[in-house]
Amino acid sequence: MAHEIAVIPGDGIGAEVTPAAVEVLGALDVDFEFVEADAGDAVRDETGEPLPEETRETAAEADATLFGAAGETAADVILPLREVVGSFANVRPARSYPGLDAVQPDTDLVFVRENTEGVYSGIESEIHDGVRTLTRVVTGDASREIAEFGFRYARQHGYDDVTIAHKANVMRETDGLFVETATEVGDDLGRAYDTALMDALAMHLVMHPEDYGVVICPNLAGDMLSDLAAGLVGGLGLLPSANVGPENALFEPVHGSAPDIAGQGIANPSAMILSAALMLEHLGYDEDGQRVRGAVEDVLDEGPRTPDLGGDASTDEVTAAVVDRL
Ligand code: NAI
Ligand code: MG
């Protein structure tokens, strides 16, 4: 039976790189039925609603969702979408590739980011003029779930180093619970791990990324550290991600709508195509996922390359080269 894939291109370069990923999937011998849906600034401008009910339903009913990027409505789109698919884990691999001029060419990191709470709880208020607050939510259940996922991911993908990032020296209650719960999970599983204060970890990741493998993070820390790692390996055009829940999942590049280059046809499609590779593996097409990743790696190594990687090729030329390799 065909897998139903919701395709939500969104705004800016999201609308440019999403068709690239769909084109690559179309070159494979897999049985996918694509259902396109709207979200983001453009549909908000038209209808007043950045995430139409119809789009929620399409994502909820599909076997998986491919999402490009939204612009200024990102928080109104991607946070609820991650909820719609029930994803508690955001997986963000950051690897350096042969042939690319990376700041740190020996990087192979995977951020496993708690995807439902922390400072992204959305519980903010204006107490009075000039004073606003935010409630940071951390639960033992979500912390346990993300830690179990992170340790399992490390084992399945052959990573020996697991680091639990936190800032419990300051956020004693919330990150205290996070790190307490995550270390308990590691102990119960009999697995080795380190804990690291997230600010110092940021420095160590820049200087010695080769010392790290899977990094289990609270929500905001995972968001920031994964962009930092993007800088180490060649930029946001390279980082895919998976939002995984028990029954459903959404795949998206780590980058946003990139208004500075949108409309020029020069966005790097690699992050989006690699997100599609993660989706293939999630749906059980392991071999196809690896083929797609291999094709992207070959093209990154040999070109053509988009301007963010020092080349002068277009999104379409890079996509065609990937399809060619397949
Ligand atoms: P961004 O990721 O869109 O861009 C940051 C920088 O990286 C820009 O210089 C951009 O040109 C470059 N870049 C990103 N992806 C690239 C690609 N595929 N190829 C070549 N260069 C690439 O982040 P920024 O500028 O902070 O945000 C722009 C908009 O995107 C904002 O409106 C923000 O709200 C939204 N956003 C949406 C996200 C989502 O939908 N999940 C995530 C992050 C930001
Ligand atoms: Mg981000």
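What volume does the second largest cavity have? The second largest cavity has a volume of about 40 Å³. This is a predicted model, in which local features need pLDDT of at least 70 and side-chain atom pairs count only at pLDDT 80 or more, while totals for chains, interfaces and linings use all residues. Residues are numbered from 1 along each chain as its sequence is written, ligands are numbered from 1 in the order in which they are written, and side-chain values use heavy atoms, without hydrogens and water.

Cavities come first. On a 1 Å grid over the protein atoms alone, a cavity is a set of points where a 1.4 Å probe fits but cannot get out, and its lining residues have an atom within 4 Å of a point. Points are joined across faces, edges and corners, and a volume is the space filled by probe spheres set on them. There are 2 cavities of 30 Å³ or more. The largest has a volume of about 60 Å³, and its lining includes Asn268, Ser270, Arg305 and Thr306. Helix 10 (286-302) and helix 11 (315-325) each give two or more residues to this lining, and helix 10 gives the most, with 3 residues. Helices here are DSSP runs of H or I with at least four residues, strands are runs of E with at least two, and both are numbered from the N terminus. The lining of the largest cavity divides into 7 nonpolar, 3 polar and 1 charged residues; Ala, Val, Leu, Ile, Met, Phe, Trp, Tyr, Cys and Pro count as nonpolar, Asp, Glu, Lys and Arg as charged, and the others, Gly among them, as polar.

The second largest cavity is lined by Glu114, Glu117, Gly118, Val137, Val138, Phe178, Pro218 and Asn219. By class, that is 4 nonpolar, 2 polar and 2 charged residues.

Pockets are the open counterpart: sets with protein on both sides within 12 Å along at least five of seven lines. The largest pocket has a volume of about 690 Å³. It has 24 lining residues, and those closest to its centre are Val91, Tyr153, His157, Leu278 and Glu281. Elements that give two or more residues to this lining include strand 4 (89-95), helix 5 and helix 9 (270-282). Tyr153 also forms a stacked aromatic pair with Phe149, at 6.4 Å centre to centre and 25 degrees between the planes. Rings of Phe, Tyr and Trp (its six-membered ring) pair if their centres lie within 6.5 Å; planes under 30 degrees apart count as stacked, over 60 as edge-to-face and the rest as tilted. Both residues lie in helix 5 (residues 140-156), 4 residues apart.

The second largest pocket holds about 480 Å³ of space. Of its 27 lining residues, Ala74, Ala75, Ile78, Arg82 and Asp223 are the closest to its centre. Helix 4 supplies the largest share of the lining, 5 residues.

Ligand 1 is surrounded by 20 residues, each with a heavy atom within 4 Å of it. The closest are Ala70, Gly71, Gly256, Ala258 and Asp260. Polar contacts are pairs of N or O atoms within 3.5 Å. Oxygen atoms of ligand 1 lie 2.9 Å from a polar backbone atom of Ala70, 2.8 Å from one of Ala258, and 2.7 Å from a polar side-chain atom of Asp260. Taken alone, ligand 1 exposes 810 Å², of which the protein buries 68%, with areas from the Shrake-Rupley method and a 1.4 Å probe.

Definitions and conventions
A polar contact is a pair of N or O atoms within 3.5 Å; within protein, one must be able to donate a hydrogen and the other to accept it, and residues adjacent in sequence count only if both atoms are side-chain atoms.
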